[in-house]
Amino acid sequence: MRRRWTAAALAVGLVIVGVVAGAYAMQGGPRAANPPASSYLSVNEEDFRTVLVRMRAAKAGIEKRQQELLAARYDLGDRSVTGATMSRGKAIQGGVRVKPPAGVTWDALARMTSDEIRDKAVFPGGFMPLPHPNHPEGGMVFPKFLIDETRKQTGRDLTRFDLDFDLPDRFLPEFPSPIYLTTRPDLGDVSRGQLVTTSNFYELFNGILNPKQLEGLRLLVTPFPQQQFNATADRRSEHPSLGVACFDCHQNGNTNGATHLVGDIRPQEFRHRIETPTLRGVNIQRLFGSQRALKTVEDFTEFEQRAAYFDGDPVIATKKGVNVLERGSQVHFMGEFQEILDFPPAPKLDVFGKLDPKKATPPELRGQALFFGKAQCASCHVPPYYTDNLMHNLRAERFYKPQLINGMMASADGPIKTFPLRGIKDTPPYLHDGRLLTLDDTVEFFNLILGTQLTADEKQDLVAFLRAL
């Protein structure tokens, strides 16, 4: 009898240990070997100081693992191109930075079938889905230049004690990005070279925007609670935080490369890294979110606050302080401002979005012919804005077997929206998760995925055309 009670007590104790271990893992502790799958995050809080000490201690090892992955996949050196810059003058990184498999050339790879590439395991690592800097943990991570300027202007600190951003600044958009308005193209960059925040938006835009647009911009630069930045004990900021603003990721209505995980996939290892898309040109778009296919910018604006800010979990959102926007005024005002964010000037394009032969260079003109011909780019990217406002499934998983990479299961990407290519030189890195660091990488990727058999010279001409858009 005593043995039976002892065994029962032991069984109960093991169950309790399992539950505690699961909650501990969700709060930043080591993950259980086989944690039970759940659609929800844990709402239990471990002592904050205990988590802070443990996760700070683990930070160096986590970042080392990610940097080793990046170094194995890419050439991360500083190799800027000559004769082309971003809109405010930042150097553009050039060349194919994805490393081909050992002993295999790009031309040889392009001649192989997808089955051959998969069976020989020679799909380039840089073409594989890119994990979050700490995929099992996830959450918003910001580049240091954004953190520093935001702290300087507003006193808010977007530093995470457990994690730093992973990609080098040279592969990210220029900062601060210029702002162009469809309503006042005569003004050029209305940001005047400043990062727009709560401290300067009124001074910069009063007299340029109407009252609704100005109120919408105020809301876009106002911080609200978010999963990692809030006042609860299970945050990832050292001190209680006001939260994040829409324009912390979409700096000046563009992008700064800030990363996150999509909220609509479970379990955690199947979630996709997402690289913040630009808001420029949302007025001509009909789908929003890289893969979410939201139908209006108002939907995107409202649902980001309710979902993306809290990993798609309404339970944790309630706990941490979700900001429920009022559709008829706040969402409308925010959307009205976003819808006047214009693409950067492209002086070589005519009114139909194609090159003016009198202004374009021979490589750019050859690249344009390839874009509308052999390279098949125009099948999805239709001028004048170079999008078809649809989603397409590239089925890149044809080329590799599912595998776990730094806590992320690399499997099917699924449908991805056709991003506009206007102003594309200003918005690296590329693809929905930022796995392609340069336009050269992007051309090489699609040459393989689409089987277009471009020559080395043709690839360079196509890149020249893309930089002119």
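Me: Where H13 passes H14, is the crossing left-handed or right-handed?

Reply: The crossing of H13 with H14 is right-handed. Please note that the model is predicted.

Me: At what angle do the axes of H13 and H14 cross, and within what distance do they come?

Reply: The axes of helix H13 (residues 439–450) and helix H14 (residues 456–468) cross at roughly 125 degrees and come within 9 Å. Angles of 65 to 115 degrees count as roughly perpendicular, and those over 145 as roughly antiparallel. H13 and H14 are therefore oblique to each other.

Me: Which residues of H13 and H14 meet?

Reply: On the H13 side they are Leu439, Asp440, Val443, Glu444 and Asn447; on the H14 side, Lys459, Leu462, Val463, Leu466 and Arg467. Sorted by class, this contact of H13 with H14 comprises five nonpolar residues, one polar residue and four charged residues.

Me: How do the axes of H12 and H14 cross?

Reply: The axes of H12 and H14 cross at roughly 100 degrees and come within 7 Å. That angle makes H12 roughly perpendicular to H14. H12 contributes Pro363, Glu364, Arg366, Gly367, Gln368, Leu370 and Phe371 to the contact, while H14 contributes Glu458, Asp461, Leu462, Ala464, Phe465, Leu466 and Ala468. The class division for H12 with H14 is eight nonpolar, two polar and four charged residues.

Me: How many salt bridges does the structure hold?

Reply: A pair qualifies when a side-chain nitrogen of Lys or Arg lies within 4 Å of a carboxyl oxygen of Asp or Glu. The structure holds 34 salt bridges. In one of them Arg56 pairs with Glu238, and the closest N and O atoms are 2.7 Å apart. Arg56 belongs to helix H2 (residues 48–73) and Glu238 to the loop between helix H7 (211–220) and helix H8 (246–249), so this pair ties together parts that are 182 residues apart in sequence.

Me: Why does Arg56 count as partly exposed?

Reply: Partly exposed covers the range between buried, under 20% relative accessible area, and exposed, over 50%. Arg56 counts as partly exposed because its relative accessibility is 40%.

Me: What separates the closest N and O atoms in the salt bridge of Asp311 with Arg271?

Reply: The closest N and O atoms of Asp311 and Arg271 are 2.9 Å apart. This pair links distant parts of the chain, 40 residues apart: Asp311 is in the loop between helix H9 (297–306) and helix H10 (314–320), and Arg271 in the loop between strand S3 (259–261) and strand S4 (273–275). Both Asp311 and Arg271 are buried.

Me: With which residue does Arg435 form a salt bridge?

Reply: Arg435 pairs with Asp413, the closest N and O atoms being 3.0 Å apart. Here too distant parts of the chain are linked, 22 residues apart: Arg435 lies in the loop between strand S8 (416–417) and H13, and Asp413 in the loop between strand S7 (408–410) and S8. Arg435 is buried, at 0% relative accessible area, and Asp413 is buried at 10%. Elsewhere, salt bridges with shared partners join Glu45, Asp234, Lys319 and Lys320 into one network.

Me: Where does Asn389 lie?

Reply: Asn389 is placed in the loop between helix H12 (362–371) and strand S5 (391–392). Asn389 counts as partly exposed, at 22% relative accessibility. Apart from neighbours within four places in sequence, Asn389 is in contact with Ile284, Gln285, Arg286 and Leu287.

Methods. Residues numbered from 1 in each chain as written. Predicted model: local features only at pLDDT ≥ 70, side-chain atom pairs only at ≥ 80, totals over all residues. Heavy atoms only, no water. Axes fitted to C-alpha atoms, helices over the stretch in contact; angles between N-to-C directions. Helix = DSSP H or I, 4+ residues; strand = E, 2+ residues; numbered from the N terminus. Parallel < 35°, antiparallel > 145°, perpendicular 65-115°, else oblique. Left-handed = near helix turned anticlockwise from the far one by under 90°. Contact = heavy atoms within 4.5 Å. Nonpolar A, V, L, I, M, F, W, Y, C, P; charged D, E, K, R; others polar. Buried < 20%, exposed > 50% of the residue type's maximum accessible area, 1.4 Å probe, protein only.
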